[in-house]
Amino acid sequence: ADPARRVIRKTRHVFTSGRWTFELDVFDAPPGLVLLEVELDDAADVPEMPPAIAALVVREVSMEAGYTNHALALRPPGEPA
């Protein structure tokens, strides 16, 4: 337990669509942060999201270091997503 980091608290919802398994993480902090993950066998794969989920996607953050669990744990409490 590193005192410089805070605990990441989130609720994970797992669902499948076609051949894909999605993990939807709803974070307690920062408030309003929701991330959707899907594991790919090949970086060239393009998963087909259910239309209701795809309509809610704001942006792709896979390559943004600020959205790793490590980076989220270093954010000051109350910092927006």
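Reader: Is D45 buried or exposed?

Author: D45 has a relative accessible area of 19%, so D45 is buried. Please note that this is a predicted model, in which local features need pLDDT of at least 70 and side-chain atom pairs count only at pLDDT 80 or more, while totals for chains, interfaces and linings use all residues. Residues are numbered from 1 along each chain as its sequence is written, and side-chain values use heavy atoms, with hydrogens and water left out.

Reader: With which residue does D45 form a salt bridge?

Author: A salt bridge is a side-chain nitrogen of Lys or Arg within 4 Å of a carboxyl oxygen of Asp or Glu. D45 has R19 as its partner, and their closest N and O atoms are 3.9 Å apart. R19 is in the loop between β1 and β2, whereas D45 is in the loop between β3 and α1 (51–54), so this pair ties together parts 26 residues apart in sequence. R19, at 59% relative accessibility, counts as exposed. Helices (H or I, at least four residues) and strands (E, at least two) are DSSP runs, numbered from the N terminus.

Reader: How many salt bridges are there by this rule?

Author: The count is six. One of them joins E23 and R12 at 3.3 Å, N to O. E23 belongs to strand β2 and R12 to strand β1, so the pair ties together parts that are 11 residues apart in sequence. R12 also meets E37 in a salt bridge, at 3.4 Å from N to O. Here R12 in strand β1 is linked with E37 in strand β3, so the parts tied together are 25 residues apart in sequence. Both R12, at 40%, and E37, at 29%, are partly exposed. Through shared partners, salt bridges join K10, R12, E23, D25 and E37 into one network.

Reader: How many bridges join strand β1 to β2?

Author: Two strands pair if DSSP finds at least two bridges between them. Strand β1 (residues 10–17) is joined to β2 by eight bridges, and the two run antiparallel. β2 and β3 also pair in the antiparallel sense, over five bridges, with L24 opposite L36 in β3.

Reader: Which backbone angles deserve attention in the turns?

Author: Most residues other than glycine have a negative phi, and most peptide bonds are trans. The hairpin of β1 and β2 has two residues between the strands, and G18 there takes a positive phi near 65 degrees. Six residues separate β2 and β3 in their hairpin, where G32 in the turn has a positive phi of about 90 degrees.

Reader: How many aromatic pairs does the structure hold?

Author: A pair of aromatic rings is described by the distance of the centres and the angle of the planes. Rings of Phe, Tyr and Trp (its six-membered ring) pair if their centres lie within 6.5 Å; planes under 30 degrees apart count as stacked, over 60 as edge-to-face and the rest as tilted. The structure holds one such pair. F15 and F22 have ring centres 5.3 Å apart and planes at 15 degrees, so the pair is stacked. F22 is also the bridge partner of F15 in β2. F15 is partly exposed at 23%, whereas F22 is buried at 1%.

Conventions
Buried means under 20% relative accessible area, exposed over 50%, partly exposed in between (1.4 Å probe, protein chains only).
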